[in-house]
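The entries follow in the order in which I looked things up.

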Amino acid sequence: MLKQTPLHATHRELGAKMVDFGGWDMPVNYGSQIAEHHTVRSGCGLFDVSHMLPLDIKGANVRAFLRQLVANNVDKLQVSGKALYSCMLNEAGGVIDDLIIYFMDETWFRLVVNAGTAEKDLAWMEKMNADWGMGLTLTPRRDLAMIAIQGPNATQALNEALPGVDQITASLKPFNAAAMGEMFIARTGYTGEDGFEVMVLAKSAPFFWKALMEAGGKPIGLGARDTLRLEAGMNLYGQDMDETTSPLESGLAWTVDLKTERDFVGRKALESSEVTRQLTGLVLLDKGVLRSHQKVHTKNGEGEITSGTFSPTMQQSIALARIPLGIAPGEEVEVEIRDKKLKAKVVKYPFVRNGKVLI
Amino acid sequence: MSIPADLKYTPSHEWVRVEADGTLTVGITHHAQDLLGDMVFIENPAAGRTLAKGEECAVVESVKAASDVYAPVAGEVIAANGDVEASPESVNKDAYAAWMFKIKPANADDVNELLDAAAYQKLVESEAH
């Protein structure tokens with residue numbers, strides 16, 4: 001039996017094509033994936049991301065716990081509502097998950113973890129909580145639904161759908177969040193556009209979703225979510241990094257804090273292992289579509305595409321690929337697609353931000 | 001579900017029209033394009049290529065995935081539709097107008113082994129469960 005979000009019936013009513021997404025029955029599109037993609041770049045799209053898990057960690061030692069648990073430094077979070085993106089590593093330096101951490105107060109941090117890894121993450125955190133004698137309470141918040149409102153018209157749609165929120169949206173900076181009654185409003189997203197991720201009580205989600213649609217928001221499936229995040233150059237857990245890959249070879253060095261003396265899980269392994277590969281962007285020069293696991297041939301050896309797709313904004317195929325060091329942007333490589341070797345150019349990503357092509 | 005009665009079908013979701021001169025026009029069904037979603041790339045076999053029955057001979061790629069297209073019968077490719085390669089989305093608009101290639105069958109009787117509309121309808125329904 002597939003798991004269902006609080007908006008499951010709403011998706012069905014809207015005629016969504018549903019798929020099994022990591023054990024969840026989720027909308028992949030509501031018609032055309034490409035049209036939905038363009039809606040987010042030019043208007044306002046609504047995503048049900050309730051399959052992701054908000055997790056509240058409470059207790060006197062919560063900051064000390066997170067200092068050891070994750071690779072980024074939670075001491076960057078000093079103002080209530082501020083968010084931090086980080087990897088949670090295993091002892092070998094592999095990525096257990098990537099997550100967002102919100103600082104609420106000194107006894108309460110809220111994490112948002114991936115759907116497919118939620119149970120594994122929770123078990124790992126409970127084990128660390130016990131091993132380190134932290135005495136914290138971890139509460140999965142399955143009573144919350146999460147809706148992402150993304151695109152240049154996101155603020156307008158949210159303001160219209162939720163009276164009183166305009167005071168928050170007017171001053172909320174990117175990667176910050178604020179509470180409004182039972183709701184939690186974060187200026188975050190996975191599309192490369194301005195927008196919000198709003199947590200609401202599960203029972204209120206269908207009504208809120210309809211209000212957002214009446215305010216001009218269009219439903220967007222997970223298909224477009226993937227092409228949008230890839231254009232925005234954002235990693236996808238399980239594809240671009242996992243427990244066997246280092247964040248330093250996954251384009252995530254900027255999220256790993258090695259400047260402070262802080263001892264976090266995986267640090268020793270990261271510092272003692274040699275970085276030989278890099279995550280880079282590719283643009284296909286020949287005709288075709290780049291896909292994950294295709295082999296990449298470079299002058300320094302072989303690499304592999306981790307995520308590939310057709311970019312609706314650029315009208316050509318783009319990818320993230322893990323390739324040997326020493327290959328610079330502008331250089332050409334060859335990608336094996338079926339029985340052919342096609343030409344691709346190495347580029348610096350992101351590919352698209354705020355509706356504009358950066359390549 | 002759109003399954004024209006005058007066409008033949010394969011279990012791998014190609015449609016086949018038997019022309020008056022005995023040649024075959026081939027495309028992918030409405031059901032196939034619906035499963036794949038928005039088309040972004042199509043590669044047809046070159047004219048003159050000889051195909052065995054069931055041979056992978058063309059590729060259709062949507063934003064979501066790549067899918068092979070198989071030769072419905074043995075024969076020789078006599079034409080490929082450059083228009084669908086230039087506008088892959090035409091397959092989403094009308095799968096039965098957006099033909100991909102034409103075959104001269106090696107054996108005219110082979111078309112009798114293909115599914116008729118009723119049999120293909122049953123197949124699509126069985127896959128839905």
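Predicted model: local features only at pLDDT ≥ 70, side-chain atom pairs only at ≥ 80, totals over all residues.

Entry 1, a pair in chain B. I looked up B:Arg17 and found it partly exposed, with a relative accessible area of 29% (partly exposed lies between buried, under 20% relative accessible area, and exposed, over 50%, with a 1.4 Å probe and protein chains only). Its side chain meets that of B:Glu19 in a salt bridge, at 3.0 Å from N to O (a side-chain nitrogen of Lys or Arg within 4 Å of a carboxyl oxygen of Asp or Glu). B:Glu19 is partly exposed as well, with a relative accessible area of 24%.

Residues are numbered from 1 along each chain as its sequence is written, chains are lettered from A and ligands numbered from 1 in the order in which they are written, and side-chain values use heavy atoms, without hydrogens and water.

A:Arg277 lies in strand S14 and A:Glu249 in the loop between helices H8 and H9 of chain A, so the pair ties together parts 28 residues apart in sequence (helices, H or I of at least four residues, and strands, E of at least two, are DSSP runs numbered from the N terminus). A:Arg277 is partly exposed at 33% relative accessibility, whereas A:Glu249 is buried at 8%. I also found A:Glu271 bridged to A:Arg267, with the closest N and O atoms 3.2 Å apart; the two are four residues apart in helix H9 of chain A, about one helical turn. A network of salt bridges links A:Asp56, A:Arg110, A:Arg141 and A:Asp143.

I asked how many residues of chain A are in contact with chain B. The answer is 15, against 14 residues of chain B (contact: heavy atoms within 4.5 Å). The buried area is about 1200 Å², 46% of it from carbon and sulfur atoms (accessible area, 1.4 Å probe, that two parts lose on being put together, summed over both). A:Lys17, A:Arg291 and A:Arg338 supply 40% of the area that chain A buries against chain B, more than any other three residues. I counted four salt bridges between chain A and chain B. A:Lys17 forms a salt bridge with B:Asp34, the closest N and O atoms being 3.5 Å apart.
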